[in-house]
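Have a look at the picture first.

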Amino acid sequence: MTTVTMSRGTFPFYLLVLVVALAFFEYGGLVAGEGALLLTLVFWTALLQGVIAAAAVADLVGARWITLLRRQILAAYPLLLVSPLLLILLVPRLDLYPWAATPGQWLNAPFFLLRNLALLLAVYGTGRLYARRSLRGDPRTPASAVIYLFAFVTSQTLVAFDWVMSLEYPWISTLFGAYFFVEALYAGLALAGILCFLLPLRQREGLAAAEVRPLRDIGLLLFGFSVLWGGLFFAQYLLLWYGNLPEEVQFIARRLESFPLRALSVFFLTANFLAPFLGLLGRRAKRSDRVVGAVAALVLTGLFAERLFFILPVAPMPVGILLVENILFFAFWLLTVHSREQLLPTATERSID
Amino acid sequence: MRDEATEISASGRLETDVLAGMRRPGLRYLAAVGLCALLALMLFALWGGMALTGMGLSGKNNPVGWAMLITNFVFWVGIAHSGTLISAVLFLFRARFRTSFNRSAEAMTIFALMVAGLFPLIHLGRVWVFYFLLPYPSERLIWPNFRSPLVWDVFAVTTYMIVSIVFFYVGMIPDLAIARRRLPGLPGKIYGLLSLGWQGTLRQWRHYGRLYLFLAAFATPLVASVHSIVSWDFAVSIVPGWHTTIFAPYFVAGAIFSGTAMVLTLTIPMRRLLHLEPYITVDHFEAIAKILLFTSLIITYTYIVEHGLAFYGHNPFERDQYLYRMFGDYRLLFAIMIVCNSLLPLTLFVRRLRRSLPWLLVLGVLVNIGMWLERFVIIVASLAHDYDPYAWGTYNFSWVEFGISVGSFGLFFLLFLLFARLLPVLAVTEIKEHS
């Protein structure tokens with residue numbers, strides 16, 4: 001049986017296929033609806049940037065869990081290039097934003113595109129630098145990890161403020177940016193949890209127990225991040241609810257008054273906080289790859305539902321197209337991880353570097 | 001055999017070096033204690049005067065009803081945060097360098113909380129009605145307003161204080177047993193009582209390890225909850241510059257930032273005076289400096305977001321408030337705050353400066369000045385300049401408030417000096433475990 005793999009030569013071709021497929025689903029006139037591409041872009045940008053950021057933080061603080069997953073995680077760095085390409089695809093959809101009709105100094109289409117494109121490219125460039133250095137064990141890895149994290153935080157802040165918050169302009173929440181980059185890190189760790197589950201048994205069999213043990217830290221980190229996420233969510237919600245100012249609270253009120261948004265809010269609260277908190281409370285659960293993998297998958301679904309909760313009232317979208325786009329993206333990510341031996345530098349190349 | 005002997009002698013030297021600080025005090029130490037005691041006395045005398053005369057002795061006015069005293073409260077609660085960060089959070093993250101600082105930082109937490117707790121009482125004016133804040137059974141059915149974050153504060157700070165004291169004490173038990181063994185006479189007997197019959201058996205260590213882990217896990221969310229609630233004292237009000245969702249994480253990061261700076265301010269001189277150079281190394285200080293840099297970056301991020309979004313939205317009051325902070329009556333304090341909290345810590349990107357103890361000491365002091373001013377600017381500027389120009393005003397501190405503030409530093413340093421003489425300043429057993 002043969003399997004599909006990419007190489008550095010064929011990667012741009014596959015990338016083009018992905019982008020063209022997404023463009024076709026979005027603009028092919030199959031169904032009406034405008035928000036699917038934006039949601040896909042917001043979700044996958046968080047995921048792809050977040051997983052590299054999680055690796056960068058692990059490298060900076062000398063965490064041991066990254067050792068076994070480094071190649072799998074960093075294999076996804078070329079995918080950081082997808083976000084700027086999809087942002088260009090989003091140009092015809094900018095009229096979704098209420099400010100598009102009356103552009104201001106900060107919120108106007110050319111500047112919006114320019115700054116976000118520049119930042120996404122900066123994230124790709126710094127991510128590439130960090131990933132390559134980390135893979136070859138370069139002593140300058142911590143410095144490039146710091147640079148990448150700067151780009152990551154700035155980019156996710158703008159994703160929050162520009163791409164999502166400005167959908168409801170002039171609604172404001174100062175925590176939104178920090179909330180998004182913490183969520184992106186959470187998503188990155190969840191992706192690492194899934195990788196941990198998918199890590200082939202044969203790869204583990206050759207390793208000593210002491211080498212596999214650090215993988216358990218992912219369960220611990222997911223548990224910690226569920227508490228952090230809960231804290232940030234509560235901090236934001238409490239202030240809006242307590243203040244009860246019409247211009248602030250309408251963001252929540254509008255979303256909680258009808259189905260399916262109210263159901264979505266219950267779901268993402270459960271998936272992002274309650275389930276990981278209760279599920280990973282016990283020591284045995286944190287040590288089980290299956291439990292960690294299941295919780296990680298649930299967290300990713302919860303984060304997706306939350307993004308949907310933010311975007312859906314402003315930009316309706318057909319569920320079918322949304323699912324197809326995201327499944328396609330997920331398949332592409334899996335293919336990238338699967339093809340890592342062809343995509344990443346080989347041991348010989350690394351030693352030459 | 002030889003290795004074992006070397007290990008025993010190194011372990012004995014560690015005990016001797018740490019317990020040396022608990023011997024007969026020198027003249028300089030006594031002078032420092034005397035000075036701090038005088039300042040602490042000044043605090044209580046001025047507070048007494050204010051309680052008898054009335055709050056007119058403070059510079060508070062209408063509209064600035066919260067000023068220096070509340071600034072001090074927020075500042076000292078903030079200082080209390082790094083203790084738990086270094087002890088509990090770094091313990092959970094298995095950061096070994098914490099063992100050089102955790103004892104001092106935990107002590108600092110407790111003393112800072114004790115000092116912080118005084119300020120709401122001083123601010124009450126009629127301190128004898130402080131029990132109004134507690135959920136006491138009232139026959140008149142006047143219950144505390146549980147919807148007020150000021151009441152949440154009472155619960156949060158009290159819980160934090162209790163957990164911090166238990167954590168501090170439990171962590172110290174094996175070291176108290178060492179003091180019992182090494183110190184003769186009455187002190188040895190007192191440490192014997194305090195060590196609760198610790199023998200260092202396997203069973204005791206197992207229980208100890210588990211308890212310490214659970215306490216660390218309890219204490220970690222408390223770090224976030226306490227200063228989040230302090231931030232909500234302000235943020236739930238509909239006051240420009242206060243009502244903003246980022247306040248909770250911003251205050252938590254600020255608290256850790258100022259607390260870390262205070263750890264540097266206290267441990268750098270302590271290391272030198274007690275000759276602890278072999279145990280608190282420059283590498284350890286570099287790790288603390290990285291935490292300082294990291295938290296400074298979070299603070300700077302928050303400044304940028306807060307100011308940026310004030311100009312993004314449609315709220316003219318919010319925009320005006322941030323312009324007032326930058327260019328209004330307190331612009332000088334604002335500028336010092338930016339320099340101390342955002343610009344100077346950037347020097348820590350340079351490795352040589354991260355490892356320079358004189359610079360870290362200076363930076364620690366400057367960051368504390370900056371963080372005190374930050375709280376002052378947030379509190380006073382928002383109250384002085386809110387919605388209605390007719391109700392605008394300014395605040396000038398009174399010398400009584402100033403004296404109380406200086407006295408609070410005296411009380412804090414007095415408690416720390418007593419700690420340095422009476423209890424082991426390093427976690428001896430943990431250092432042994434890691435060496």
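This is a predicted model: local features need pLDDT of at least 70, side-chain atom pairs count only at pLDDT 80 or more; totals for chains, interfaces and linings use all residues.

Why does Cys196(A) count as buried? Its relative accessibility is 2%, and buried means under 20% relative accessible area, with exposed over 50% and partly exposed in between (1.4 Å probe, protein chains only). Cys36(B) is buried too, because its relative accessible area is 9%.

Residues are numbered from 1 along each chain as its sequence is written, chains are lettered from A and ligands numbered from 1 in the order in which they are written, and side-chain values use heavy atoms, leaving out hydrogens and water.

Now for the rings. Rings of Phe, Tyr and Trp (its six-membered ring) pair if their centres lie within 6.5 Å; planes under 30 degrees apart are stacked, over 60 edge-to-face, and the rest tilted. The whole structure has 72 such aromatic pairs over all chains. Take Phe101(B) and Phe285(B): their centres are 5.3 Å apart and their planes at 75°, so they meet edge-to-face. This pair links distant parts of the chain, 184 residues apart. Both Phe101(B) and Phe285(B) are buried.

Over in chain A, ring pairs join a cluster whose members include Trp171(A), Tyr237(A) and Phe251(A). The charged end of Arg255(A) sits over the ring of Phe251(A), 3.9 Å from its centre (that takes NZ of Lys or CZ of Arg within 6 Å of the ring centre and within 35 degrees of the ring normal).

Terms used. Helices (H or I, at least four residues) and strands (E, at least two) are DSSP runs, numbered from the N terminus.
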